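The following note sets out points on the contact between the chains and on the surroundings of two ligands. Please read the points alongside the coordinates.

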Amino acid sequence: MGDLNVEAVERYRNNFLKEVEERVEEGHWVKMCMQCGVCSGSCPFGPHWAHPPQELFMMIRAGRREEVLTSDSMWMCTSCYNCVVRCPRQLPITQIMHGLATYAHRLGLAPKNQPTRKFSVLFWNNCTRTGRVNELKLTLGLYFSDGFIAGIKKAWALRHIGLGLLLAKRLNPFELIKGHGCKDKKGIHAMLKKAYEIENRRKGFSS
Amino acid sequence: MSEMKAAAYICRGCGIGERVDTAQMAKIAQKEGKMQLVREHDFLCSAEGVKVIRDDIEKEGVTHLVIAACSRRAKTEAFHFPTVAVARANIREGVIWSQPEDEEQREVRQEMADDYVRMACAEVKKMKQPAGNPNVGHSKRLLVVGGGVSGMTAAREASKAGYQVTLVEKTGALGGWAARLWRRVPDREPYRDPIDTGVQQLIESIQQDPNIEVRLNSVVASTSGAPGRFTVKIATESGDCVSDEFGAIVQATGFTTYDIAKLPELGGGKSPNVVDQAGLEKLALEAAENGQPIRRPSDGAEVKTVVFIQCAGQRDDTGKHLPYCSGHCCATSIKQAMYFKDANPDVDTVVIYTDLRVPGNGEDFYRSGQAKGVTFTKGKVSGVEVDGGRCKVNFHDLILDDKNAHVEADLVVLATGQVPVSGVDIEKHQDMPEEQRKAISVLNLQYRQGPDLPQLKYGFTDSHFICFPYETRRTGIYAAGPVRRPMDIAQALEDATGAALKAIQAMENAGLGRAAHPRSGDLSYPIVRLDGCTQCKRCTVECPFGAIDEDEKRYPVFNESRCRRCGTCMGACPVRVISFENYSVDTVGAQIKAVDIPDEFSEKPRILVLACENDAYPALDMAGMGRHHYSPFVRVIPVRCLGSVNTIWVTDALNAGYDGVMLMGCKHGEDYQCHFVKGSELATYRMSKIDDTLKQLALETERVASYEVAITDIARVPQLINDYVAKINEIGLSPMKGFG
Ligand code: SF4
Ligand code: SF4
Ligand code: SF4
Ligand code: SF4
């Protein structure tokens, strides 16, 4: 992944806007932002992150590649779509935020310990492995992501909820051992592989 | 005036008959008003009612009419009797609609109606039917000064309307600034790309137009006369001079660019790679001729990055540069950035702005610029460092709050804006030391008040922005294009068309001896009894329109066709020798004296309201229509402009026992609304001097009060009246009653 980054830096030189335009989902919209600030003002989380969308877009134009891609701001988006609804230029801001996050992740620049990123990776792997989400494994994975002791502590703290789910038959302990899959797991894997190929080709990734 | 026969007609329609006693009013018209003929009618403005009046004029030889019905602003077509003098008593809007309907109020309501009848009868006998200004010229030829887009458009439009035009241009070619552009900002859908300027076609159409005579390398050496008969000397470079007569003039002298050498901090004048927008057009034209991309002027190198700095020396609040926004430069920079992007999308084009102002469809053009990849950066440029071929633009990035942001550029374009070419600032000119009077006059008016059009702000020619945008304070002379306010080509086209049509209107009105706006069609004009004149020059100085010159003996010389009929001169004249046939010190004075003043024990005050007919009087009428009631103790007299109010009226009123005088005029000062520009201001000034008179009469200063009233103040005017009446009740009725 590091190689991918080096390659991008080489290819786009100083032109980060162009890089975003070509490689980030909906990235070609960034140049259309007119800096009105409506998105930042509408975002319920705006005041809590380093760079609200308006600012991120300006940073992209100013060529601040490193700062943008290592930022955790785009990971803070909750997909509430407030900004998209209000943007007078009709930018798909939410999508761009997620696009930027994904791109940073692919380049290996995304902050490693950003909780949203960690959860996303866990979720994605869990879901693509068998073709469906295994809630028990996902939960345990989340609990123990900070180490064994921390995981035990978390599990203990939330034991009543777990027990409740168990009694209500919303949680099956045997899922831990086998877990049920879905039809044509291979087909799903092939489909995802193909999707990657197409995306790579379209966005000009070499791998 | 032996043959005067006066008749009064009292209408009972519109509810007048139910709310007031018309029979009593008829009696008053006959006994006190001394009308020879008095008739009541149930529906006076009906065809049948009008016929009664018309028959009386024809068969009975009636020469003076009083119509006691609706406001003088209503039914003007029905009550149009051009051969006789007409006075109108406003019983509908002014009494029955503005007063409560209940029986209790009957007495005071009736007093109001009776007084309005008395006033109209008194007024009409002092009036004459105006016959029109005898001193008219009939030239219908238009002079256009300036051969740019505005001037050429004005000439074209006038020609298309069937008028002969002379177009004077000081340089050797038509086209002005627009001819020096490579492309212009688009004026139609889809507002995406710069388009051809169209100036060549315009020039050709002018050259082929048999109605238009073009005089290049020429300037106006002198202008005298009035609408319909301007005599203009046109001087050519070689020194030849021709004299011609014109009916009206359009001044379209455009603008110059702000000198970039005054912006050294932005690199102005320090490197050939720092240009203004006009400079960039020059580069673009040269490049297009050679079929080459735009090159860096210093060494002909390729341009990889170009930075546009908006508001360079504009919207400046330090007082060093232009304080205003020129309105077109944002779109112009977008257009120029497209010159580069369209030729090569890899060129970096950065527009640094604090506010991007792209009014109207400019927004689409801006969006198109963004789609083409022009970068817009919100920032404040602190300076441009010039080093060899490169320029470093330092700025404060306002979004990222980065004070040390910078861009390296091959070329820097400064958006410096427009400075009007409006000639001599006549107001400043007089107090300027001789050596500073560098400005060269454009029109060289042989007017007593100075050689050029009066200026409003920042050197742009004056105009009433809301009501008469093309007008100037010199009747028959219209300003068009960027000399009037900063603008782009699209706006200049519209502006020039408007000015041409206004000029035509002025010529036509002048030929008929009638007034131009706002009293368009008025046949009255100021008549001066020179044997009483003391040569005090107040009228010549105060006329807002420069209509009055002076002869060798320093007597005033009125140029009736320049006059707008505001009456400011009449209000100014201390010996009251200026008047109009249908509006004079006497017509108003007679109305004031005709009001029946109750004695001091009646507890009924009388307040005189002198209301400007352009705003305050309509507002009062509309207050009546909206049934906003006001005190029955006021008596309202419309005046042409507060400027026409002669202090004698106020003194007369106070002497006669009125308890207070309210003057209602338009807003004055910097963003004035006064239709006659200076009238309401002069009135307020004159009234400030009336305090002495009040003191002599041992009266309180509150007894005379001035108000600024707009036509929209429909609910406010009744409130002003009621508050004032309450105040008068507080200070007590006038001690002058019974002495008058
Ligand atoms: S609301 Fe849209 S145009 Fe405005 S700053 Fe945000 S993204 Fe840009
Ligand atoms: S969608 Fe994301 S960026 Fe937009 S307002 Fe919601 S949280 Fe903020
Ligand atoms: S002051 Fe008014 S009425 Fe008098 S000459 Fe001037 S424009 Fe005419
Ligand atoms: S204001 Fe009256 S007295 Fe003075 S110069 Fe004019 S006309 Fe004569």
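1. Contact here means heavy atoms within 4.5 Å. The model under discussion is predicted. By this criterion, 14 residues from chain A and 16 residues from chain B take part in the contact.

2. Between them, chain B and chain A bury about 1,300 Å². Carbon and sulfur atoms account for 51% of this area. On the side of chain B, the greatest losses of area to chain A fall on B:Gln370, B:Ile399 and B:Leu400, which together make up 44% of what that side buries.

3. Nine residue pairs are in polar contact between chain B and chain A, both residues being at pLDDT 80 or more. The elements of chain B that give two or more residues to the side touching chain A are helix H10 (362–371) and strand E16 (375–387). H10(B) gives the most, with five residues. By class, this side of chain B has six charged, four polar and six nonpolar residues.

4. Three salt bridges are found across the interface of chain B and chain A. A:Lys18 forms a salt bridge with B:Asp346, their closest N and O atoms being 3.3 Å apart.

5. The residues surrounding ligand 2 include A:Cys43, A:Cys77, A:Cys80 and A:Cys83, as well as A:Trp49 and A:Tyr81. By class, the shell around ligand 2 has eight nonpolar and four polar residues, and no charged residues.

6. Around ligand 4 there are 14 residues, of which B:Cys533, B:Cys536, B:Lys537, B:Cys539 and B:Cys573 come nearest. The shell around ligand 4 has 10 nonpolar, two polar and two charged residues.

Terms used: Residues numbered from 1 in each chain as written. Chains lettered and ligands numbered in written order. Predicted model: local features only at pLDDT ≥ 70, side-chain atom pairs only at ≥ 80, totals over all residues. Heavy atoms only, no water. Near = heavy atom within 4 Å. Nonpolar A, V, L, I, M, F, W, Y, C, P; charged D, E, K, R; others polar. Buried area = accessible area lost by both parts, 1.4 Å probe. Salt bridge = Lys/Arg side-chain N within 4 Å of Asp/Glu carboxyl O. Polar contact = N/O pair within 3.5 Å; in protein donor to acceptor, adjacent residues only side chain to side chain. Helix = DSSP H or I, 4+ residues; strand = E, 2+ residues; numbered from the N terminus.
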